[in-house]
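This report covers how the parts of one protein chain are arranged and how they pack on each other.

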Amino acid sequence: MLNFSFYMPTEIIQGQEVVTRNGDRFKQFGTRALIVTGKRSAQLSGAFQDVAAVLDNLGISYQVFDQVENNPSTTNVVQGAEAARQFNPDFIVGIGGGSALDAAKAIAVLAVNDFAPECLYHGNYPNQPLPVIAIPTTAGTGSEVTQYSVLTIPEKQTKVGFGDRTIFPKVAFLDHRYTESMELDTTRNTAVDALSHLVEAYLSRRASDASDMLVEAGLKLWARALPDLKSAAFSSGMRDSLLTASALGGMAIAHTGTTVVHALGYPLTYFHDIPHGKANGLLMAEYLRYNLQHARSRVEKILKLLNLKDIGEFAELMQILLPTDLRLTPEQINEYGIAASRTKNASHSLGEVNSQVCIDILNNSLG
Ligand SMILES: [Fe+2]
């Protein structure tokens, strides 16, 4: 029997108006909250207004740090931590997409630990991070149920994730209504991020019966959302399926980590401004092709659960959902491929993902 452990400490509360109907959950974390969010989506989605009303009702005082950037940098989360130290909150409420939720986790650590952001990557934090409540307004990141936070490190010219058990959100409120204000591109890009988590968890050295179960359920939901996602006739049923698929993908990668697809996608985001989910999606068909030699039956199962006949049809689907003009030069392909092959993500992939494998994936996808 395969040895594995399963740890999922986040309470997930899903349904319509869950924030309003479960306001009491906020009370258990204290009387002062810092809301961490980006510029737009928290307000636009209605999530911010719901949280503010609940906090007002409960007499919980709050301040807002709404300066989270897309793909937040270490400098950005240090700013957030300074805002937190000034206000001295008991807990953090992260509202938004992956950027806001990842920033909320990093700020939760830095607010109570007086160290440089590099130390986030070392774990063993002297002081327990502040509790985080996570409210996603996109359906893709899965960050609401993971111990990960991915930050841009300007000196390294890329994004690097850190993970620590103490930063799992305490509660995740999932209400698909908060994802309805997403525009077409963001809806599709983030949906593909969820798909990428599901696919990568399934094609990971660290996959277990437990993560497989989460992935298979997530892929079925993703397939259910696919006709609407493809036709751009976004229904609330599609939003709900994607939000659940995203959380299932998050729970799966909380145990397996991501693979080289994410490592190869980061430079596309850093250097070419390609949104995170889209970056993964541009590479995923080739990753499936690469895996045929290592786990053919798993690749076939993924396609079957998505109701797709082969990898060619999967590639066509990605082209429809993620149109792009991006083409990489041979120099870029070499540089990004070599860097990705040296990451932990690469070592989680099946087979031996060396620099040539990475270069081939990039070349066949974007060469
Ligand atoms: Fe991701």
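The text below goes from the domains to the sheet and then to the helix pairs.

The model is predicted: local features need pLDDT of at least 70, side-chain atom pairs count only at pLDDT 80 or more, and totals for chains, interfaces and linings use all residues. Residues are numbered from 1 along each chain as its sequence is written.

**Domains**

The protein chain is split into domain 1 (11-178) and domain 2 (183-366), with bounds from an automatic or database domain assignment. Their C-alpha centres are 25 Å apart. Domain 1 gives 20 residues to the contact and domain 2 gives 24 residues, where contact requires C-beta atoms, placed from the backbone, to lie within 7 Å. On the side of domain 1 that touches domain 2 there are four nonpolar, 14 polar and two charged residues. In this classification Ala, Val, Leu, Ile, Met, Phe, Trp, Tyr, Cys and Pro are nonpolar, Asp, Glu, Lys and Arg are charged, and the others, Gly among them, are polar.

**Sheet**

An open sheet is formed by six strands in the order β1-β8-β5-β4-β2-β3, with parallel pairing. Helices (H or I, at least four residues) and strands (E, at least two) are DSSP runs, numbered from the N terminus; two strands pair if DSSP finds at least two bridges between them. At the edges are β1 (11-14) and β3 (61-65), each of which pairs on one side only. From one strand to the next, the twist averages 20°. Strand β2 (residues 32-37) pairs with strand β4 (residues 91-96) over five bridges in the parallel sense, and I35 has V93 of β4 as its bridge partner.

Two helices on this sheet can be described by direction. Helix α4 (residues 47-58) packs on the sheet and touches β2, β3, β4 and β5 (132-136), its direction making about 155° with that of β4. Helix α5 (residues 74-87) also packs on the sheet, touching β2 and β3, and its direction makes about 165° with that of β2. Such angles run from 0 to 180 degrees between N-to-C directions, and axes are lines fitted to C-alpha atoms, for helices over the stretch in contact.

**Helix pairs**

The table lists three packed pairs.

| Pair | Angle | Axis separation |
|---|---|---|
| α7 (residues 184-202) and α9 (residues 236-256) | about 40° | 8 Å |
| α7 and α11 (residues 276-305) | about 30° | 9 Å |
| α11 and α12 (residues 311-321) | about 150° | 10 Å |

Angles under 35 degrees count as roughly parallel, over 145 as roughly antiparallel, 65 to 115 as roughly perpendicular and the rest as oblique. With an angle of about 40°, α7 is therefore oblique to α9. The crossing of α7 past α9 is left-handed, a term for a near helix turned anticlockwise from the far one by less than a right angle, with right-handed used if it is clockwise. Residues of α7 in this contact include A191, A194 and L198, and those of α9 include L242, A245 and I253. By class, eight are nonpolar, five polar and one charged.

For the second pair, the angle is about 30°, so α7 is roughly parallel to α11. Here too α7 passes in a left-handed crossing. Among the residues that meet are N189, D193 and Y202 in α7 and K278, M284 and R298 in α11. This contact of α7 with α11 has five nonpolar, seven polar and three charged residues.

α11 and α12 are roughly antiparallel to each other, and α11 passes α12 in a right-handed crossing. Residues including L282, L288 and L303 in α11 meet residues including F314, M318 and L321 in α12. The contact of α11 with α12 holds 10 nonpolar, one polar and one charged residues.
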